[in-house]
Amino acid sequence: MINVHADARGDSGPLEKKSLRSEVFELLRRRIISGQYALGEWLRQEEIADELDVSPTPVREALDQLVAEGLAERIPYRGVRVLQLTSEEIVDAYVFRLLLEVTVARMAAHNVSEEQVADLHRILRETERLLRLDDVSGYQHLNRELHQRIAAATGNQLLARLYKLVVNRFPDWMMYGDLVEQPEVRRNALQRDLEEHRVLVELIASHKADAAARQAMEHMQHVGEELVAWAGVPEAMLKEEERQIRPLLPRLAESSNP
């Protein structure tokens, strides 16, 4: 039986009969966001069904869900492949996510519950454990979970659904795939990412909405720098789109008021 949380591409064996479509979807989704499937790689229904020892039906349904959530694309007469974005599409997704992160952080700071705060701290602890183990795949999975839980803490279901769609279009897995031979650089980048998440969660938990919005903005701008450094996104293109939305972003000089 394949454990969807093991994240080991190439394992073989049957999946549990319960919720096969969900099991297959989670496994494929995890492989995509961890970079185990390359951008543009074809997801062959028959090959996946044979590998997992399941019928083609749950695989087809899982592929349909990947397409619906923006992680894959269907090419007429050819099949389904992992989403492959141009630099322009990556920058568009980055700028939209930058705006959303600021909005989500602010609203979460106003509406987060004690139970949600506890859950965010749990994710941070688990993320720190995976960072020590240098488990990039697991780290990426929890990174997305943390951001999506913050979006859920806004209390706005439509915003949370929109946020999930935008995040699925944002290829953050590209940034660390090329650092396999530079483990120290990768660890330092992920450690900074974790520290920024800690600050963000504490500001949200303290209901400091303005400060949380600024922290979210700075965090995403660091992500933008990594897109330029490691994903080959043209810096001039990214900076120009940032310039266009700058009036919509919080000012760093403003005081931190809840």
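1. In this predicted model, the largest share of the lining of the second largest cavity, 4 residues, comes from α10. Helices and strands here are DSSP runs numbered from the N terminus (H or I over at least four residues for helices, E over at least two for strands). Both α9 (183-205) and α10 (209-231) supply at least two residues each to that lining, which consists of Arg 192, Asp 193, Glu 196, His 219, His 222, Val 223 and Glu 226. By class, 4 of these residues are charged, 2 polar and 1 nonpolar, where Asp, Glu, Lys and Arg count as charged, Ala, Val, Leu, Ile, Met, Phe, Trp, Tyr, Cys and Pro as nonpolar, and the others, Gly among them, as polar.

2. The volume of the second largest cavity is about 30 Å³, and a search of the whole structure finds 2 cavities of 30 Å³ or more. A cavity is a set of points, on a 1 Å grid over the protein atoms alone, where a 1.4 Å probe fits but cannot get out, and lining residues have an atom within 4 Å of a point. Grid points are joined across faces, edges and corners, and the volume is the space filled by probe spheres set on the points.

3. On conventions, residues are numbered from 1 along each chain as its sequence is written, and side-chain values use heavy atoms, with hydrogens and water left out. Local features need pLDDT of at least 70 and side-chain atom pairs count only at pLDDT 80 or more, whereas totals for chains, interfaces and linings use all residues.

4. The largest nonpolar core has 33 residues, of which Val 104, Leu 146, Ile 150, Tyr 163, Leu 200, Ile 204 and Ala 212 touch the most other members. Helices α4 (87-111), α5 (114-132), α6 (136-152), α7 (157-168), α9 and α10 each supply at least two residues of this core. Apart from it lies another core, of 21 residues, including Val 54, Ala 62, Leu 63 and Ala 72. Such a core is a set of buried Ala, Val, Leu, Ile, Met, Phe, Trp, Tyr and Cys residues joined through side-chain atoms within 4.5 Å, and buried means under 20% relative accessible area (1.4 Å probe, protein chains only).

5. The chain has 11 helices and 2 strands, in the order α-α-α-β-β-α-α-α-α-α-α-α-α from the N terminus on. Of its 258 residues, 48% are buried. Among contacts (heavy atoms within 4.5 Å) between residues at least 6 apart in sequence, 73% join residues at least 24 apart.

6. Which residues does Arg 97 touch, not counting residues up to four places away in sequence? They are His 147, Tyr 163, Val 166, Val 167, Phe 170, Asp 172 and Met 220. Arg 97 lies in helix α4 and counts as buried at 4% relative accessibility.

7. Ile 123, in helix α5, counts as buried at 0% relative accessibility. Beyond four places in sequence, Ile 123 touches Leu 142, Glu 145, Leu 146 and Arg 149. The C-alpha atoms of Ile 123 and Asn 143, which are 20 residues apart along the chain, are separated by 8.4 Å.

Methods. 1 Å grid on protein atoms, 1.4 Å probe; cavity = no way out; pocket = protein on both sides within 12 Å on 5 of 7 lines; lining within 4 Å. Buried < 20%, exposed > 50% of the residue type's maximum accessible area, 1.4 Å probe, protein only.
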